[in-house]
Amino acid sequence: MAPVVCFGALVVALVFTLRTCHVVALLTEASSRQSFSGWGMQETDYNMRYQALLRDEVVARLKQLGNVSDANDFLQRTFLSPAAVKAGHLIEAWMQDAGLLTWVDDIGNVHGRLEGANVSAPALLLGSHLDTVIDAGYYDGALGILTAIAAVKVLNREGKSHLFPHPIEIIAFSDEEGVRFQTTFLGSQAVAGTFQPHMLDVADKRGITVGAALQSASFEGTVESVDKLKYDPASVWGYVEVHIEQGPVLEAQGLPLGVVEAIAGQTRLMVTIRGSQGHAGTVPMNLRKDPMPAAAQSIVAIEQLCTHSEKASGGSHGTSTMSTAANSAGSIVCTVGEIHSWPGASNVIPGEVIFTVDVRTKDDSLREHTVVSIEHSIQTICKGRGVSCTIERKHEAAAMSCGPGLSDRLQAAALTAMQELHPFRRSVSMVDESQYDTIFAPMLVSGAGHDAMAMSHLTQVGMLFVRCTGGISHSPAEHVLDDDIWASSLALLRFMEGVLGDLSFLNM
Ligand SMILES: [Zn+2]
C-alpha cells in the first residue's frame, strides 16, 4: 500500500511531462481553530458550519465532477479515460484540501490518508468509485468519495483526526462499473488482493488490453505491479462506503438513509449466436439461419425463467427492478441490456448477434440454478434453429454480507445525523413531522454491486445508502436531495466520532 506513483504520472500519459506528488502538511488543531473561530459559540451556528462543508461543498463538487466527461452531451468516465484522469486529479486536490497525504497507485486508484493517533494501527478505509456508466448521473460513486472527503475534512479541522485510533484512508477506485472491459472492480480487487492476473489480458472493444491501457497511462501494467497493491488484511480495520440507493425503497419509506446488510451476488454472461449472413431480399425464410430471431427467442425465455424463479422463491412478481432485489429475500432479477448484430444493416440477414445477460440475487444457489437454466434454454433454442451459440461467463460475484458490527455503528450514526438535522430542515421535508419520533435507518439488501463487495475479501465492510429521487440511477435523471447529502456526510462523521469515542472510553 505504499505510494507507487503520483497522480501527475497519470496525467503524464497525455501530456508527457512529469511532476511531483504534492504532500500536504496535515492541518494542525491551532490552524483549524483559526479557520473556524466561530465554532461552538452557538448550536445553530455550529450546525450551519457543518452545512457549508458537509452539504454545500459536497453538492458543488458533485456538480463540478459531473461535468468531467469523455462525451460532450452526457456523462461518461471509463477506466483510465482522459476524463477519468481529470476527475482523479480533482479528487486528489480535494483530498489534499482536507489535509490528506495523497498518491495514485498502479491501477489508477486515488488514495488520501491521515495517520491518526497510531500509525501502525489497522486503517479505516472509506471510498467509492470515480468511473461512471455511459450517460450517467452525478451521484453514483462520486457521492461516496466526496462525502468521505467532507467528513474527514471536518474531523481534521476540528482537531480530532490526530486522536483517531486508526489511520483513515479514502480511496477513489478507478474501475467499478466495468464499462470499458466488461468486468467490474479492477481498482478495488487490486487493493483487496483478488485481482486475477489474466485480467491484464482482457481487451476492450478496440482490442486494447487492461495491461496495455495501464502502460499507455505510464503505469507498469504487469502482474507484479498490480500484485504489489494488495493490502495486508492485518493493516485494515474495515471499509465503509456511502452510496446512492439506486432503488426507490428509502423514498417510499420517507427516509433519507439506510444501512446495507447484504449485497446480491451477480453473474454476467455474454452470448454469441452465429448463423448465415445473407441478402435480405433473396434468401427464402425457410432457408435462413438467422441468429436474430434466436436471440429474440432467447431473451424472452430468459425473462420467463427469471420471473418463474422469482415466483418460485417467493419474491415479488414480475417487476424486474432493483427495488425487488433490494427487499425480497431470494428474489432474482435478470436483464439483457446490450445487444449488437453484425454487420448491422437493414438489408442484410445478420451473421452474428451478441447480447449480454445480467443475473442478480442475494441467494447464490438460486443464481447458479437460474444461470444454468438460462444456458440450457439458449442452447436448446439455437439447436432448434440451426444456429451456433457460445455462452461466456464474463463475471461472477458471490452475495456478500456486511459486517454486523460496522452496520450497527452506521445505523446508530445515521439515526443521530437524521435527528440532529431534523430541526434545521423543516422546509425540505426530510421526514414528515409526524414521523420524527419514528425516524430510523432501515436495513436493506443491495441489488447493485459495489466496491464493498470486492473489499469484503480484505476486511469487514459497511455501507450507508442514501435516498435518490424516484429510485433512478445509471441515468442523467439521477438525483439526491442536497439535505440528504448533508445527512449522509454527517452520519459518516458521527460514525467516525463514535469510533473515536470508543478509544476515549477505553482510556478512562
Ligand atoms: Zn456505484
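Predicted model: local features only at pLDDT ≥ 70, side-chain atom pairs only at ≥ 80, totals over all residues.

Residues are numbered from 1 along each chain as its sequence is written.

**Strands.** I took helices (H or I, at least four residues) and strands (E, at least two) as DSSP runs, numbered from the N terminus. Two strands pair if DSSP finds at least two bridges between them. β7 (residues 265-274) and β12 (residues 352-361) pair in the antiparallel sense, over 10 bridges. I then checked β9 (residues 333-335), which is antiparallel to β12 over 3 bridges. There, Cys334 stands opposite Val359. β10 (residues 339-342) also runs antiparallel to β12, joined by 4 bridges. In that pairing His340 stands opposite Ile354.

**Helix α4.** I found 16 residues in α4 (residues 82-97) and a reach of 23 Å from first C-alpha to last, close to the expected 22 Å. The expected span is 1.5 Å times one less than the number of residues. Its buried residues include Trp94, Met95 and Glu92. Buried means 20 or more other C-beta atoms within 10 Å of the residue's own, with C-beta atoms placed from the backbone. Gly99 follows α4 with a positive phi, near 90 degrees.

**Helix α5.** α5 (residues 142-157) has 16 residues and reaches 22 Å, close to the 22 Å expected. I found 16 of its 16 residues buried, so α5 is largely enclosed by the rest of the structure. Just after α5, Gly159 has a positive phi of about 80 degrees.

Notes:
Buried ≥ 20, exposed ≤ 12 C-beta atoms within 10 Å, placed from the backbone.
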